[in-house]
Structures are given as C-alpha cells and as structure tokens.
Amino acid sequence: MPKETQNSEELLEALPETIAALFQGAQTSNATHKRRVNTLCKLFIEATKVTKTQVSQREGVQGSVQVLTGEKAFNRAFWSILRHVLNVKRGIVAADRVLRFVGAFIGALMISEDITNEESNEDQTPRDRFLQRLVARIIIGCTAKDKTPRFRCTQLLSELLRQIPSLEDETYNKIKSSLLERCTDREWTIRAISCIGLGVLARVEASEDQSAIKSLEDRQVITVLEELCQHDVHNQVRVAALPGMALPLNPTSLVILLSRCRDIDASVRKMAFRLLSQIQARALSVSQRSTAVRNGLGDRDPQVRAEATKLIYRWAIGCSAVDQFHPDTSKSAKTRVQASAKVDLDEFLDLFDLWDGEVAEEALRALIYKRPDLMDEVNLNHPDYWSAFSPSKAILARVFTEIVAATTQQSDSSREMGLSSILSVDSGFSNRTRGAIFSVLETSQGVPFDGLKYTDSLPTLTLQAFNIQGLFNLLVQTVNILNSQQLHSLPSVPGVAREDLEEQLEDCVFSLNNLLKMTTVLLDTLGADEMGRRKVKTLIEDMITQPCLPESHLQEAITLQLKLSDDTTQFVKSTIEPILQEVLEEKYQPIGIGSRTYFRRDSIEGLTKTVDKSDAQLNQGANKGTDNEKAMVTYRQLCVTNISLEIIEWTPTESNTLHLLQRYLIKPALAVYVAYPRAAEDLKHQIFDAALKCLALIAISSRVLSYTSMLLIAVDTSA
C-alpha cells in the first residue's frame, strides 16, 4: 500500500478523536478558541483532499467517478459530536462555549485562502457543501418538539450569522424563514435568541439600497423586531430585539428606541441608553436629546442613571477633537485618550435647549461629577472668561459655582457624612441630578469633586457686580434700540437688524437670571468681601427700580437684596419705602411725574402730611403719561411688593408701612378699571389680581389690618 494512501486512511480514522479533543478543549475556555479554530480548519482542508476513484455503477455512465471520501468522513465526525451539544439544556456555559467555537470555525472556514483558490470549474466548494449540509440539519432541529434542541439550534444559527460575512441566497432565505418562525415560539428563551440572529439580518437589510426596499416583505425582519422590542411580554426578548432594530439608525427606529427609555423594565432601559451612546449626538434633535437626558437622570434605577451618565459623557467626548479614531485603535487606547481629552463645554451645552427647564444644567452636573478634571481650566476669576459672554457660559459659571459652594461647605472631619447633606433636598440639586451623582459615586472612592481645589477660580463679588452691571447695561441698550421709532431707518448691518437684537435680548435676559442666582451662592461662599457686598447691594437696588428688568427676574433680585441687607428693617427701607414715596408723590403731584423709576429716600417720615404747592409747582415736571404707562408702573410696584411680602416676616413695629401700602397703593389698584379706562384689558386684569394677592399677604402679616382688608374686598365685590 502506498505511503500516501496509508496516511490518508490514518487521518480519516483519527478524525472523530481529533475533533472530539478540539471540542473538549473549546468548552473549558474562550481563550484557546483561535488556536483550535486554526487547527480544525487545517484538518478540514486535509480531509477534503482525500478522495477515492471508483468505477461508476450508474446505467449509461461509463468511466470512473471521484468520491469525496475525506469530506464525507469529516462531515459525519463533526455532526456526530455536535449533535450531543445540541441536547444540552440552557444555562450550561460549556455548551455555549462550544457553539461559539463552532461559529468561529465556520466563519474562519468561509474566508480561508487555501479553499478560496480551488478549482474554479466546480459549482460548489467543499466549504459551501459543508455549510449547506450543516444548516439543513440545524433547521430541522429548530422545529423539534423538545425545547432544548430548538433553543440550541436557534442559538447556533444566530452564531453562524454573526460569524459568516456572506451567504448564498438560498441558504440566507432558509435561515431567515427559520428565525422568523422561532420569533413566535412559546418559549421566551428561543424568541430572545432568535432576535439576535434577526438583528444581524436587519443590519444587512438596512445597509442595502433603501430604494430597493419597497414592499413590507422586504422589511419583514425589521418590522418583526420593532414589534418584539415594544410588545413582547418578556423583558429579555425586548432587550435582545433592541440592538437589531436600532442600529443602523433611521427615523422610525430612533423614535422606538427613545420610547424604550421609559420601558417598565430596568434592563430594557439600560440597553436603550447603551445603544443611544453609540449614536452621534447631532443625529438627534434638541428635543430628543433633552428627553433622553431627562428620562435617564430621573430614572429610579441607579444602573439606568449610570448608563445615562455614560451617554452624556459620550456626547461630551463628541465635542472634543478626539472623537474620531483609527479603526485599528484598541479599546484601551481609546479609553486613555478620552480620559485626558479636553471637552468644549460651550459646544456641549449647545446640544441642549438652555431655556428648557433644567435639562442642560443637570447634564452638566452629571458630566462634572463624571470628569471633575474638566473644570481645571475654568477660571471665573479671570476677566478673559467674561469678555465673550454667552448663555452657555452663564449657565456653566452658575452650575460650577453651586457645585463648588456645596462641596466646600463640608469639613474634613465630616466629609464621609457630608455626601448625604450635599445631595439633600435642601442642597439645590434636583432629584434627577442627585440620582446622577449617586450613580457616579457608587463606583468611586469618596467625593470625586474637591471644591476646595476650585475656590480660587470663583469670581470675587466686585467682579461679579461689574459683570452684572455690564450685562444689564447691554440689556437696557438693546431694549431702548428696539423701542426706538427710528429703528426702521437704520442701515441693515449685522447687530442692528431686529432679529439680531431680539436674539441678543433673549441671551441677555437668560444670562442675567443665571448671574443673579450665581451671586446668591457667592454671598454664602465669599461673604467676607465687604466691598463687593456693597457694590452688589447698590447695583441690585438700582436694577429693581428699572422697568427694563424683566418681571421673571424680580424674585431673584429681591431675594438677593434681602440676603444683602443686615435686617428686615433695612430691606424695607431699600425696597418698599421707595415705592411708597413714589405713590405719595404722585398723589400730591397730580400734573404727573415723567419717570417710571422709584425715587429713593432713607425714610418715609412726613410723607403722609399734606404739602402745599403753588400752581407753578404743580405745572412743573414732565408731561402726563398715558393710562397704559401708568398702569404698567402700578403693576410693577405691586409685583415688587408681593415678592417682598412673601419672603419676609413683618414685625408689629412695621405695621405703619403695611397700612400705607394698603391705603395708597392697593386700594387705588383695586379700582384700576375706573382709574385707567384706556389701559389694556389684560394689564388691568393683572393689576387687579396682583392687588388682591397683595391685600391677602398684608392680612396674613398683620392681624390688625386683616379686618380692613376684608372690608376692601367686600366693598370691591359689591361695587
């Protein structure tokens, strides 16, 4: 017997034992799979070269035929071992490793160069015949009565789809039909494992020319996955269906993916945020980004909040210069580069609608607690930071100041117990922000943000006062230009067009509100700056008297004024008494006052006395304003009074001030429909409502004046 024939026979006889040994080693560890796959591929190539020539026994066929002895022997040996694995119940890790090994072997076999360059005149290569026979046997097992072989066969089909780069149309359609059938299986484990394979098919369909996908049958896989990820009763099926449905992204899948962020099961919500982190932030609209952050940071499960924080961090990395990597870059190298990347925080905040509640600042807080070193280059005490001002810089400065102030309040001895007080309800953080911070700190050691390190980066109160003054002056200037009658005659240049001015006005209003809130925090942190306190106090007193200050900012400004005052008496003198002075001067100067600002005095003594004025004195002053202008002044005075009455507790010694307010401000305001007949109806309604509220607050503050308040309400109702 020739030596070559003898070696071939020995090879075929040793095939079962050799393949069994490879399978035995594959079930112990995944680390040895690559080496064993190469060995099995070489064994397959050697086996396919073993052939036998024999005389044809068919009628009418003369000559000899070549029998694929080695290929058939390999197929029998391989299947005889694999069928034992397909009967192993779910949950056995060794069986999962073996099936993963089989998938890796088939994938490596399909791209093997030794078989690719075979005889080109054959219709099918040995690997194609091997794959077809294997798939045919597996598909039969997918319809077995027992759930165990059904699960294992479906698992193997999904693994093959993950490993094989391309399939013939016939094989592809068979696998697709089998997996679609298993998606309706009564066992949730089989439905879940079939969704993994369908996810691979869905990505293939999505990568094709969309113009070729016209009928519902062409989108059958994607449609089935969309239904399963939304309506399947088991959470693991929904989790398995999400990746195939969501990636690659399209408008329909994005809406469904965002809706799964509110799924009843935490694992589905985690998977949804994990998939969102693989999508570029600019691929989502502003409202979609805000919805994702709001749902993620406000989730009740800490693991979901942690995934939402990772999503925010991924978006922030996308705002840096290291977002794009070479395909060959390792995962560890990407992590190291991203950990030291400089993030453009202004660009990050521009991803959100800054005027939409607290979404932007909550995302910023979560990012700072994820990467505290991002704030190393933020120096609010340097004038260069405030030179080019923007709403994003204003909200960044306020959030940074609040975090530094909250963390520096903790002493070194109580740092371990200080975390709960930092994140308490009274700390100023919202529920979503506290949840995001807790989710970040669960895997960290202690407090990750050292506020003492950044105390010198906070601005002084004097610098803060100049910043507010400059921003308010810009606000007043913009309002005056918009109200000017000569606006339409101005040349059409950038910065003068009405659209540009309106946008600048919105930015000023938003930034001013953040600076006022930031100053309130700075007073607690840098309270020893007496010169700065005086500068801020004088500035706030002037701002409250200006009609250009938006009504929405009065609450912050007056609260800041109260914090700057030494006591309630000083606050009343600086806020309430100027209003009384203007009201009384208007009462005894009927020809009118041209100013809508509040004239300041140190006291209101003697204002209740009648002042004799000559006709010449009465005729002096500005022209009489319109009813609408006077009504606006009255409404502004009522707003300031209401806020002041809400935030302070009145002592019995200050009842005279309340009496004057009730008599000279509130009582005439209740008759607004008679006093200002030509004013706007909406404005008159607002004045009347504000007067009633002010009357009620006075009744609460003074028991003596409560009876008078009831009489005024009764008289007004009867009238």
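A residue counts as buried under 20% relative accessible area, as exposed over 50%, and as partly exposed in between. The model described here is predicted. Across the whole structure, 26 salt bridges are found.

**Partly exposed salt bridge**
- Lys693 has a relative accessibility of 41%, so this residue is partly exposed.
- Glu646, at 39% relative accessibility, also falls in the partly exposed class.
- Lys693 and Glu646 form a salt bridge through their side chains, at 2.8 Å from N to O.
- Because Lys693 is in helix H33 (residues 681-701) and Glu646 in helix H30 (residues 627-647), the pair ties together parts 47 residues apart in sequence.

**Buried salt bridges**
- Arg182 and Asp185 are joined by a salt bridge, with 2.4 Å between the closest N and O atoms.
- Arg182 is buried at 8% relative accessibility, and Asp185 is buried at 6% relative accessible area.
- Arg150, Glu181, Arg182 and Asp185 make up one network of salt bridges with shared partners.
- In the salt bridge between Glu361 and Arg398, the closest N and O atoms are 2.5 Å apart.
- Glu361 belongs to helix H18 (residues 359-370) and Arg398 to helix H20 (residues 391-408), so this pair links parts 37 residues apart in sequence.
- Both Glu361 and Arg398 are buried.

**Surface charge**
- A patch of negative charge on the surface is formed by Glu499, Asp500, Glu503 and Glu506.
- Glu499 lies in helix H24 (residues 498-525) and is exposed, with 57% relative accessible area.

**Helix H14**
- The 12 residues of helix H14 (residues 286-297) should span 16 Å at 1.5 Å a residue, which agrees with the 17 Å between its end C-alpha atoms.
- Buried residues of H14 include Arg289, Val293 and Leu297.

Technical notes: Residues are numbered from 1 along each chain as its sequence is written. This is a predicted model: local features need pLDDT of at least 70, side-chain atom pairs count only at pLDDT 80 or more; totals for chains, interfaces and linings use all residues. Side-chain values use heavy atoms; hydrogens and water are left out. Patches are made of residues with over 30% relative accessible area and no salt bridge: like charges are joined within 9 Å, nonpolar side chains (Val, Leu, Ile, Met, Phe, Trp, Tyr) within 5 Å. Accessible areas come from the Shrake-Rupley method with a 1.4 Å probe; for residues, only the protein chains shown count as cover. A salt bridge is a side-chain nitrogen of Lys or Arg within 4 Å of a carboxyl oxygen of Asp or Glu. Lys and Arg count as positive and Asp and Glu as negative; His and the chain ends are not counted. The place of a charge is taken as NZ of Lys, CZ of Arg, CG of Asp or CD of Glu. Helices (H or I, at least four residues) and strands (E, at least two) are DSSP runs, numbered from the N terminus. Buried means under 20% relative accessible area, exposed over 50%, partly exposed in between (1.4 Å probe, protein chains only). The expected span of a helix is 1.5 Å times one less than its number of residues.
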